[in-house]
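Please prepare a short briefing on the structure shown below.

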Amino acid sequence: MCAMRPEHEPKRPAASRPGSDERAAGEDGALKSAAASAGKTVLTPEEIRRALSRIAHEILERTHGGEGVVLLGIPTRGVHLARRLAARIAEFEGAPVPYGSLDVTMHRDDLRLRPARALQRTEVPPEGVDGKTVVLVDDVLFSGRTVRAALDALNDIGRPRAVQLAVLVDRGHRELPIRAAYVGKNLLTAYSEMVRVLLTETDGEDSVLLGERAR
């Protein structure tokens, strides 16, 4: 079994609205400050599209045509990516793939440090997850702590046959023994940098940016 990973904020102009890195401690303030500096583009809209198409093909190859697969996105942007992957797989395979969302808020290991968190939505397809191959989907894999929380949250709703992880960006700096089975782009980063994923559904555009984390 392959190991795998919420936000309410006033709307901002598209050019300055932050995307997301993996939710490490202290990230909220860093994201807000980062809006002042866009950073350099490391994935364009077309590159994001191609990366998701490749991941969809890889999922089909490793799961015998998507048999028994359920995609669960980690809020917020992971949910949109899971929806896009489900659409790609359905396009390639000609059959729908169930998808949903998995809130990890109450399973985070920094909850006692930052208890005021808004709960996100968990939506599991009617088929459930028992005996399924669940592919957790997130935008950025960083320390691995969000994915660990996702595994605990998944354990509350069922017992999958296997669990895999798909991420758009793996930026390294793991703190837990967690590895993604499907990666859109491996990105070499300094710990002082931050990765911002922008998606049309939340930010009005698709791109992945790399910039300095606010100090």
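Leu141 stands opposite Asp170 in E5. These two residues belong to a stretch where strand E4 (residues 133-141) and strand E5 (residues 162-170) pair in the parallel sense over eight bridges; two strands pair if DSSP finds at least two bridges between them. Helices (H or I, at least four residues) and strands (E, at least two) are DSSP runs, numbered from the N terminus.

This is a predicted model, in which local features need pLDDT of at least 70 and side-chain atom pairs count only at pLDDT 80 or more, while totals for chains, interfaces and linings use all residues. Residues are numbered from 1 along each chain as its sequence is written, and side-chain values use heavy atoms, with hydrogens and water left out.

**The sheet**

- Five strands form an open sheet with parallel pairing, in the order E3-E2-E4-E5-E6.
- Strand E3 (99-101) and strand E6 (182-186) are the edge strands, and each pairs on one side only.
- On average, neighbouring strands of this sheet are turned by 25 degrees against each other, direction ignored.
- E2 and E4 also pair in the parallel sense, over five bridges, and Leu72 stands opposite Leu136 in E4.
- Nine of the nine residues of E4 are buried, and the strand is mostly covered. Here buried means under 20% relative accessible area, exposed means over 50%, and partly exposed lies in between (1.4 Å probe, protein chains only).

- Helix H2 (residues 45-62) has 18 residues and reaches 26 Å from its first C-alpha to its last, close to the 26 Å expected at 1.5 Å a residue. The expected span is 1.5 Å times one less than the number of residues.
- H2 packs on the sheet, where it touches strand E2 (69-73), E4, E5 and E6; contact means heavy atoms within 4.5 Å.
- The direction of H2 makes about 150 degrees with that of E6. For such angles, axes are lines fitted to C-alpha atoms, for helices over the stretch in contact, and the values run from 0 to 180 degrees between N-to-C directions.
- The buried residues of H2 include Ile48, Ala51, Leu52, Ile55 and Ile59.
- An α-helix has 3.6 residues a turn, so residues three or four places apart point the same way.
- Helix H4 (residues 145-157) lies across E2, E4 and E5 and runs at about 150 degrees to E4.

**The aromatic pair**

- The count of aromatic pairs comes to one. Rings of Phe, Tyr and Trp (its six-membered ring) pair if their centres lie within 6.5 Å; planes under 30 degrees apart count as stacked, over 60 as edge-to-face and the rest as tilted.
- Phe142 and Tyr191 form this pair, which is tilted, with 5.5 Å centre to centre and 40 degrees between the planes.
- Phe142 lies in the loop between E4 and H4 and Tyr191 in the loop between E6 and strand E7 (193-198), so the pair ties together parts that are 49 residues apart in sequence.
- Phe142 is buried, with a relative accessible area of 2%, whereas Tyr191 is partly exposed at 49%.

**Backbone details in the loops**

- Most residues other than glycine have a negative phi, and most peptide bonds are trans.
- His64 follows H2 and is found in the loop between H2 and E2. Its phi is positive, near 55 degrees, and His64 is exposed, with a relative accessible area of 69%.
- His173, in the loop between E5 and E6, has a positive phi near 65 degrees. This residue is partly exposed, with a relative accessible area of 30%.
- Pro75 and Thr76 are joined by a cis peptide bond, with omega about 5 degrees. Thr76 has its place in the loop between E2 and helix H3 (77-93).

**The whole chain**

- The secondary structure of the protein chain comes to five helices and eight strands, which run α-β-α-β-α-β-β-α-β-β-β-α-β from the N terminus on.
- Of the 215 residues in the protein chain, 53% are buried.
- The protein chain exposes about 10100 Å², of which carbon and sulfur atoms supply 52%; accessible areas come from the Shrake-Rupley method with a 1.4 Å probe, and for residues only the protein chains shown count as cover.
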